[in-house]
Amino acid sequence: MTRASEGSRLVRRTLRTPITTRVLLLSAAASVLIGAVMVVLIVAVTAQRDAARSAFRSQEALAAGNQLEKSLITIENGVRGYVASRREKFLDPANEALTSYPGEVRRLTSLVDDDPGQQARARDIGGEIDDYVALWARPLIGLARTRPASARSVVITNGGRERLDTIQRDFASLFARERAVINAREDRAEMGSARAIAIGAGGLALVLLVAAGVTLYLRRSVVRPVVTVADATGRLAGGDLSARVPARRHDELGDLARGFNAMADSLQRSRDQLEHSNAELKRSNAELDQFASVTSHDLQAPLTTISMYAELIERRHAADLNGGMALVDGIRGATQEARTLIRDLLEYSRAGRGELALEEIDARDLVARALEALAGPIEAAHAHVHVHDDLPVVRVDRAGVCRVLQNLVGNAVKFNVPGRPPEVEIGAGRDGDMWRLWVRDNGIGMDPKDAERIFEPFKRLHGEEAYPGTGIGLAICERIIAQHGGRIWVTSRPGEGSEFSFTLPGAEA
Amino acid sequence: MRLAALAVAALLALAGCGGGSDSRKASTTADARPALRIGTKNFPEQFLLGEIYKQALEARGFPVELKANIGSSEIIHQALTDGALDMYPEYIGVLLSEVANVRVRPKSPDAAYRRAQAFEATQGFALLTPSPFSDQNALAVKPAYAGRHHLRDIQDLKRVPGTVRIGAPPEFQTRFEGLVGLDQLYGLHNAKARPLAIGSQYAALDSGRVDVAAVFTTDGQLASGRYVILRDPRGVFGTQHVSPIISRTALTRYGPKLRTIIDTVSKRLTAPAMQRMNAQVQIDRRATADVADEFLRGQGLK
């Protein structure tokens, strides 16, 4: 099982209530709340409107009832006036009222048809009025026409007034009931609207509270954990691999935290391993350098001794040796070779160690010094060196870079095609925020697949007989350039010459 | 509508569709008839009579609408003439003197009845069988007042010094059976009528607000012996048997059965029965409908 799948298994733990579900539930609850408040408000407004409507209707019913009462009084007064005076003019308004009252009864009855009790009352009143008209008013008018004295005696009995009193009592109860209905409706509507306002305000406050609660909740349980993870990610990116976040939750954010922690664990493990390997490598390199340095230094003394003894033999016993002098020369040659090798080794082991003495130097000065040092070999090889004028000012260690140029120009002169005088060109150009210096030749070149290997120490592509040297020069160059923060490489084809490039920091850096 | 229903019933009967269906149609037809409108005058005995006729008719399946307490003979007869009523119980004497305007007293109750019947026939009404009881108008005084002024009959009131205050219904003023007849037949010039609601004249007599009260001989209060009735030798107050006046239209509409029921009831209205019922209502304050119901059940009419 790989670590990655382990991690995802760790992440995909129990999602008790996912945040999605919780947010959805909260939204649903808020919606239901708002909906309920809306419904209550609508109901209250509707009740208010209905109450206003029915109150208006009730007012109309009261007005119709009053009109009817007025008509009755008109009839009674007209009849009485006619009976007393026998003047027809008294009957005119009464006759008009006698024509209009049935319509008024119908109107009253229809206006109270929303209340069965009231409708029954209105119908009773209608019946009483009919009786009053049919059994009192009209017979009395008839009687007054034929027997006025009898009619007057009948009027005195107040039968009409009694009937009207009864009717008026019934009207009063109808009106009282209607007013009670209006009041009850208005009270109910007012109470309803007061309640609706209270509920609306309460609901609004509740909604705001819920919104604030949701915001706080999201802040506490979503935003803050995310910010925590983001901060930790920032610290992690900044190199603090010990950054961790709490991962106690059982939701998506818990997963995120656990995933982050797993990632940080894995990173820290990798870096620990890397650091460990690096330290190992450094230590072994240092040991190796130390070893090379010590060894080469210690080898100097015996070699000097061997060389000295060979000198003494030559000087004191040259005569005794006869043909043995060639052997002594062999000893001296080998000793010299060993000393060169040891010197180069020492130089290699020192290169890239110790402090760089950085200064701003015109690269042309460096090239000039290198060429000066190589004046002999250049002349011997009849080489032609062309240096471009546009070389930059660089911030480098003078001795180191001089050594690099010397090595590269030396190689360019050395690895020439027999019979072809070496043509060496030195130039420069920008390479990002650094300068690239290049040394081009028309020499033997190399296979591109060897282009990397030649910077390894003691790596030689040719036999020492053809091109003498220890094979350590390019390795030294690589170390010096690397110490400057640059790199060195070659582009070449066999027989077509090579171009060595290396980068250096500019003066402005 | 009713004609259509009858036609359907007839057709069904012809087609021999069975009696059940027919009887149902018939009862529907009966129920569809408009209610018989019975009116009553404005005093308790009339209320009783109205209830008795109503309940008796309803017990036989006739729809009845009772219009109680309409007023005196003058107005109720006019309402009947106007067609606002179908029937009401009337006192024959009052009918003759106050409605038919007959000022000469017939010789016998029978003669009075025939005279009244003849009058009603000219108006388009029928006068049904009269009751055995007669509720005559009369003048009553307190025994003390009678003793003080030596009163025996109405004529004696002439000798009473000063004004004789008669408590009576308002129509007493204009009626022959009232001040008009008293003046004509007895020359009672010193009498003045005090209009009172019917039924309150006994209290007025007791309190001394009036000297004489116009009463009905069937009044329950008279049974107590606290009042003296003045004799009426010249017959200013006629015999007052009760007879329902009914419109001919109603008689035709409801058929002979209606008349039979009403006549049967009227024949049972004897003087003792009436006086007892009046006392139950006026003195015992019993509900008129209950008293009427009890009477009808006692007579086997309900």
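Predicted model: local features only at pLDDT ≥ 70, side-chain atom pairs only at ≥ 80, totals over all residues.
1. In chain A, His382(A) is found in the loop that runs between α10 (375-381) and β2 (384-387). Although His382(A) is a residue other than glycine, its phi is positive, with a value near 55 degrees. Is His382(A) buried or exposed? His382(A) counts as exposed because it has 11 C-beta neighbours inside 10 Å, and a residue is put in that class if the number is 12 or fewer.

2. A positive phi is also found in chain B, where Asn69(B), which is not a glycine, has a value of about 60 degrees. Asn69(B) lies in the loop between β2 (64-67) and α4 of chain B. With 19 C-beta neighbours inside 10 Å, Asn69(B) counts as partly exposed, because a residue needs 20 or more to be called buried.

3. Helix α4 of chain B, with residues 73-82, returns at the contact between the chains. The contact takes 19 residues from chain B and 16 residues from chain A. On the side of chain B that touches chain A, helix α4 gives the most, with six residues, and the residues of that side divide into seven nonpolar, eight polar and four charged.

4. Which order do the strands of the open sheet in chain B follow? The sheet has five strands in the order β7-β6-β8-β5-β9, and the pairing is mixed. The edge strands are β7 and β9 (228-230), each of which pairs on one side only, while the twist from one strand to the next averages 40 degrees.

5. Both senses of pairing can be followed in particular strands of this sheet. Strand β6 (residues 164-168) and strand β7 (residues 191-195) of chain B run parallel and are joined by five bridges, and Val164(B) has Ala191(B) in β7(B) as its bridge partner. Strand β5 (residues 137-141) and strand β8 (residues 212-216) of chain B, by contrast, pair in the antiparallel sense over four bridges, with Ala214(B) in β8(B) as the bridge partner of Leu139(B).

6. The parallel strands β6(B) and β7(B) also belong to a β-α-β unit, which they make together with helix α8 (residues 176-186) of chain B, and this unit is right-handed.

Note on methods. Residues numbered from 1 in each chain as written. Chains lettered and ligands numbered in written order. Pairing = 2+ DSSP bridges. Helix = DSSP H or I, 4+ residues; strand = E, 2+ residues; numbered from the N terminus. Right-handed = clockwise from strand over helix to strand, strands pointing away. Axes fitted to C-alpha atoms, helices over the stretch in contact; angles between N-to-C directions. Contact = placed C-beta atoms within 7 Å. Nonpolar A, V, L, I, M, F, W, Y, C, P; charged D, E, K, R; others polar.
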